[in-house]
Amino acid sequence: MKRTATAVWNGSGKDGSGHLTSQSTTLNKTQYSYKSRFEEGVGTNPEELIAAAHAGCFAMKLSFVLGGAGFTPESLDVTSTVTLDNGAITSSHLVLKASIPGISAEKFKEAADDAKANCPVSKVLNAEITLDASLV
């Protein structure tokens, strides 16, 4: 499987702007700029997209891990906070709030740690990945 996305940038790094389009067109000429990346401008930015990808990937992987252990989650609410420090993505901190009927705290931790280590986005990130997981 291969997926594609396209970035078009016009102008200088600080004053220019660009747009992103994904193969599925979920992103369709979605704007990004210096302001949306480093300040509070309108649009998205690469770090936000990586955070969304990591949260989504982790949630789906955890669902598969749980299913393999005989559990079906009612909900997996995942937030990823990606840190950009001195020009490098240095960490992704995952916060998970999960509702999983019948699971023990030990089995929950085991499944969450497995998903953290083995979701494809975790594997591609060259950054510290941390997880706070709680059953709700």
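1. Helix α2 passes α3 in a right-handed crossing. Right-handed here means that the near helix is turned clockwise from the far one by less than a right angle. The contact (heavy atoms within 4.5 Å) involves Phe58, Lys61, Leu62, Val65 and Leu66 of α2. From α3 come Ala111, Ala112, Asp114, Ala115, Lys116 and Asn118.

2. This is a predicted model: local features need pLDDT of at least 70, side-chain atom pairs count only at pLDDT 80 or more, and totals for chains, interfaces and linings use all residues. Residues are numbered from 1 along each chain as its sequence is written, and side-chain values use heavy atoms, with hydrogens and water left out.

3. The axes of α2 and α3 come within 9 Å and cross at roughly 130°. The two helices are therefore oblique to each other (oblique is what remains after under 35 degrees, roughly parallel; over 145, roughly antiparallel; and 65 to 115, roughly perpendicular).

4. Which residues of α3 are buried? Phe108, Ala111, Ala112 and Ala115 are (buried is under 20% relative accessible area, exposed over 50%, with a 1.4 Å probe and protein chains only). They sit on the same side of α3, because they cover an arc of only 95° around the axis. On the other side, Glu106 and Lys109 are exposed.

5. Cover for the buried residues of α3 includes α2 (46-68), β5 (88-99), α4 (120-124) and β6 (128-135).

6. Val65 belongs to α2. Val65 counts as buried because its relative accessibility is 17%. Beyond its neighbours within four places in sequence, Val65 contacts Ala111 and Asp114.

Note on methods:
Helix = DSSP H or I, 4+ residues; strand = E, 2+ residues; numbered from the N terminus. Arc of directions from axis to C-beta. Axes fitted to C-alpha atoms, helices over the stretch in contact; angles between N-to-C directions.
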